[in-house]
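Here are my notes on the model you sent over, in numbered points. I hope they are handy while you have the coordinates open.

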2 protein chains.
Amino acid sequence: MKKKYLLTPGPTPVPAEVLAKEGMPIIHHRTTEFSNIFLKVEENLKKVFFTNNNVLLLSSSGTGAMESAVINLMRKNSKAIVLETGVFGSRWGKILQGMGFSPIILKEEYGNAVSLEKLEESLKENPDVLAVFGTLTETSTGTVNNIKEIAKLVTKTDAVLVIDAVSGLVGEEFYQDKWGVDVVVSGSQKGFMLPPGVSFISMNEKAWKMVEKSDLPKFYFDLKKYKSKITEGQTPFTPPVSLIVALDESLNLILKDGLENLFHKYKKMGSIIRESVKGLGLELFSKNPSNVVTAVKSPDGIDSGKIVKLLREKYGVSIAGGQMDMKGKIFRIAHMGYMDKFDLIIGISAIEMGLKEIGYNIELGKGVKIVEENILSCNGCCSD
Amino acid sequence: MKKKYLLTPGPTPVPAEVLAKEGMPIIHHRTTEFSNIFLKVEENLKKVFFTNNNVLLLSSSGTGAMESAVINLMRKNSKAIVLETGVFGSRWGKILQGMGFSPIILKEEYGNAVSLEKLEESLKENPDVLAVFGTLTETSTGTVNNIKEIAKLVTKTDAVLVIDAVSGLVGEEFYQDKWGVDVVVSGSQKGFMLPPGVSFISMNEKAWKMVEKSDLPKFYFDLKKYKSKITEGQTPFTPPVSLIVALDESLNLILKDGLENLFHKYKKMGSIIRESVKGLGLELFSKNPSNVVTAVKSPDGIDSGKIVKLLREKYGVSIAGGQMDMKGKIFRIAHMGYMDKFDLIIGISAIEMGLKEIGYNIELGKGVKIVEENILSCNGCCSD
């Protein structure tokens, strides 16, 4: 009966209210009962995306929604720019390459955010670019990109801006319509506090016009099919019913708290954990850290995988290690979705004990103290 | 607190044991804990498919798995045969067309099974066909196709046989390896007694060799990616964790009963419901009826949609109407997955009352009596 603590950047813990809905008896999807839930879910998703666009729901992981953006927007032999600041930015490039394109990849050293100058320059050099693909929060490096400013640059051109907000939505400040982001994709297992298996895509008029001209082969991810069914509360293919019923509940919880309040909460949590980590003498990996996941450099000579393994096996605390080039070099703690102040306490406390055990010279309780001081002084602002 | 009865051919009722597992706290997918469940699930799926092939798991509906078969097997400008006996056969054609192909469509009048003669002839006329796409149980017409004989014809050629067994598996007799079916796709929400959201594909060596030569663009559904991860109990993209944990439980239930016993049970249930329907003076739609879903012609002058609506709204009993050309003309009762003898009683009883109320001259209890007599005489053979 070992108690477990999930502090990974997806999947994130699912609240008991949402799990209970997920485990309700299954209903048939071609019914008014389901359509009514679906329509309500879609209306509420619009509030989370801050958009008037339809938000389409796909039965896939977030990568499926990313692929749907590529194959519905792109045309044969057309140009795209990829803003790569980590593993998930690189995924845009791989999808485009998988579909036969040779995208222009503006790659930053991992840990850095997108360079606005480079993007501006590249857009000038390539006026025929059809789409710019980027990432809101690059989960692999704990970095947030400045989508508001990126959108200002892309809006001036004929290209559409496509943002992977799989891990960012609900956590980082993000306003699709106000900022002018043409296409946003997201998934269920991060800020939405759900198991993985349903993904989302929201497109504005500029993007839908591009869809009309797209000539890539498609069927399952043909977004026009999904759009044509949405006003009746339906999908072209069988939807993941139990996850959508659970999503209805998680959206209720999110909207009851209010998105602006949630943005404030995660911002505060992000700032507290960064201060605590630095107080322990550790270094942040990101030069522009996100508020929903914090990447920490492993102390010299310590394989971060060892810390992750120890915390999971001995303390039941799951944090994430580094991916690809960052393997062994960083560990990552999430503070997104159904996580609050005591998750910060648990995370920092487990890291203190883990590092001590591995032989790193650390003062037990020092990081926790910083978290406590901050919680007290912020007067409940990150308490719910 | 109206009690509801789901007798539709997908989704089917989910057993409480399985719902409970689905609602368990979420676990991280990149862990030994999840890999161990995944590996066990894959081993048990092999038993259900009667195959030694790997059974790959996708986060998608069954249609996604169908599309994955098409884009991983086909090559640009290559030929395919589609065996169309209903809506789901026609879907193969639509996917192929969506991907830019012009398949040879061997279409039967709906209600009929695949003609072996026509297939044999077409294979002779088109020795360069790459793949033959067909359906085990055509849910839209309540028909089962003779896959064993179809496979004998295709095995003799260089083409691969790809079977959509989304609604057939676990219910109809089906042995992938023994019959020589090269590729089988299925989904979670029928015989597997799960919510929709996870799909399956199993390919033999002949098919994998074809995958090597495939030149269609792909990424999310690139099956080589899935195969390369499966021995470590992982998927290339985030899997639908809660559904896979629930699948572990439903596979336990299925294998505890035993597949041969289940085949026998559904066979008996199919035969009983057909006898009962005919006893009520109604006509079957299919000339080669399946054992997992029964399609019944609506009596002259009665819109089958009316019966379906009345049963759902007044009695809480969900059966299915007709799709596409068959809309208004047939209704369909499922006897697959977590359904047993009393579901037959409920289905027939609701139909008796519904038809009576709509004005069709029917003797109440007559169909139910036939079901009861059969249950008694079959000595418990369809009781579990």
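1. A:Lys369 and A:Glu373 form a salt bridge with their closest N and O atoms 3.9 Å apart; the term stands for a side-chain nitrogen of Lys or Arg within 4 Å of a carboxyl oxygen of Asp or Glu. Both residues belong to helix H14 (residues 366-377) of chain A, and because they are four residues apart there, about one helical turn separates them. Helices here are DSSP runs of H or I with at least four residues, strands are runs of E with at least two, and both are numbered from the N terminus. A:Glu373 has 43% relative accessibility and counts as partly exposed; buried is under 20% relative accessible area, exposed is over 50%, and partly exposed is in between (1.4 Å probe, protein chains only).

2. Before going on, a word on the ground rules: this is a predicted model, in which local features need pLDDT of at least 70 and side-chain atom pairs count only at pLDDT 80 or more, while totals for chains, interfaces and linings use all residues. Residues are numbered from 1 along each chain as its sequence is written, chains are lettered from A and ligands numbered from 1 in the order in which they are written, and side-chain values use heavy atoms, with hydrogens and water left out.

3. Over all chains, the structure holds 31 salt bridges. One of them joins A:Lys297 to A:Glu283, with 3.1 Å between the closest N and O atoms. A:Lys297 sits in strand S11 (residues 293-297) and A:Glu283 in the loop between helix H11 (259-279) and S11 of chain A, so this pair ties together parts that are 14 residues apart in sequence. Both partners are partly exposed: A:Lys297 has a relative accessible area of 32%, and A:Glu283 has 48%. Elsewhere in chain A, a network of salt bridges links A:Glu42, A:Glu43 and A:Lys46.

4. In chain B, the side chains of B:Glu108 and B:Lys118 meet in a salt bridge at 3.0 Å, N to O. The two are ten residues apart, with B:Glu108 in the loop between strand S4 (104-107) and helix H5 (116-125) of chain B and B:Lys118 in helix H5.

5. Now the interface: 49 residues of chain A are in contact with 49 residues of chain B, contact being heavy atoms within 4.5 Å. The chains bury about 3600 Å² between them, 65% of it on carbon and sulfur atoms; this is the accessible area (1.4 Å probe) that two parts lose on being put together, summed over both. A:Ile26, A:Phe219 and A:Tyr220 supply 18% of the area that chain A buries against chain B, more than any other three residues.

6. Two salt bridges are counted between chain A and chain B. In one of them, the side chains of B:Glu33 and A:Lys4 meet at 3.1 Å, N to O.

7. Finally, the symmetry: a rotation of 180° with 0.0 Å of shift along its axis superposes chain A on chain B, with an RMSD of 0.0 Å.

Terms used. Least-squares fit on C-alpha atoms with pLDDT ≥ 70 in both.
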